[in-house]
Amino acid sequence: MITKKPSESLTILTDLVLPGETNYLDNLFGGELLARMDRACSIAARRHSRRIVVTASVNQVVFSKSVPVGSVVTVEAKVSRAFKSSMEIYVDVWIEDRQSGLKTKVNEGIYTFVAVDETGKPVEIPQISPETELEKERFNGALRRKQLSLVLAGKMEPNDATELKALFIN
Ligand SMILES: CC(C)(COP(=O)(O)OP(=O)(O)OC[C@H]1O[C@@H](n2cnc3c(N)ncnc32)[C@H](O)[C@@H]1OP(=O)(O)O)[C@@H](O)C(=O)NCCC(=O)NCCS
């Protein structure tokens, strides 16, 4: 089985926030940001697997700061762990100050994508070998997050989520 690095799936999308994409407070509409995140994750999943990919779940999205109209928004997605056919993708969102160019993190999310064949049947994908400290940290937590997502979706019995349960026992 082939093993790939998280950096091989790195996807960076940079775009403006235009007036038609905002809410009543002139900040980026949440659904628009989710769409940009989903697109970046989809490309990252495709780069990792080189297959057709579909969104299986959006596990966690944190809107920590609003994004004003006119902002330059950068969405950065990278596969953090691959399982048999599914991949966890971490996505970080930044805005940059117009004058200084300094970047502020405004949002992060964790998505699960599944690689499928032309009939929609899940297919095996390459594994991941993390390199940086952050990549290793995200890799190590991914199995627990997969179990939580499956439990919440009613696809796994809580009692079978061994690694997730261990979080509460230790
Ligand atoms: C995602 C999908 C392919 C999964 O199909 P399935 O019949 O449930 O297949 P499986 O049960 O074998 O699951 C396949 C993989 O997805 C994982 N998975 C399925 N649902 C999941 C969830 N809610 N959270 C995390 N992982 C999930 C399984 O654990 C399995 O992972 P593994 O192969 O790496 O161990 C199917 O549900 C689907 O096509 N959903 C619609 C996708 C879609 O249209 N997305 C939006 C537009 S792109």
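Guide: A helix here is a DSSP run of H or I with at least four residues, numbered from the N terminus. The model is predicted. Take helix 1, residues 30-49. Helix 1 has 20 residues. From first C-alpha to last it reaches 28 Å, close to the 28 Å expected at 1.5 Å a residue. Just after helix 1, Arg50 takes a positive phi of about 55°.

Now the buried residues. In helix 1 they are Leu33, Arg36, Met37, Ala40, Cys41, Ala44, Ala45, His48 and Ser49. An α-helix has 3.6 residues a turn, so residues three or four places apart point the same way. The cover over the buried residues of helix 1 includes strand 1 (3-4), strand 2 (11-16), strand 3, strand 4 (72-82), strand 5 (86-96) and strand 6.

Some of these strands pair. Strand 3 and strand 6 run antiparallel, joined by 10 bridges. Phe63 has Asn107 of strand 6 as its bridge partner. Strand 5 and strand 6 are also antiparallel, over 11 bridges. There, Ser86 is bridged to Val114 in strand 6. Strand 5 and strand 6 form a hairpin, with 6 residues between them. In its turn, Gly101 has a positive phi of about 80°.

Next, the ligand. Strand 3 (52-63), strand 6 (103-116) and helix 2 (133-152) each supply at least two residues of the shell around it. Strand 3 gives the most, with 4 residues. Of the 18 residues around the ligand, Phe83, Lys84, Ser85, Ser86 and Ser149 come nearest. The shell divides into 8 nonpolar, 7 polar and 3 charged residues.

Terms used:
Residues are numbered from 1 along each chain as its sequence is written. This is a predicted model: local features need pLDDT of at least 70, side-chain atom pairs count only at pLDDT 80 or more; totals for chains, interfaces and linings use all residues. A residue is near a molecule or strand if its C-beta atom, placed from the backbone, lies within 6 Å of it. Ala, Val, Leu, Ile, Met, Phe, Trp, Tyr, Cys and Pro count as nonpolar, Asp, Glu, Lys and Arg as charged, and the others, Gly among them, as polar. The expected span of a helix is 1.5 Å times one less than its number of residues. A residue is buried if 20 or more other C-beta atoms lie within 10 Å of its own, exposed if 12 or fewer, and partly exposed in between; C-beta atoms are placed from the backbone. Two residues are in contact if their C-beta atoms, placed from the backbone, lie within 7 Å. Two strands pair if DSSP finds at least two bridges between them.
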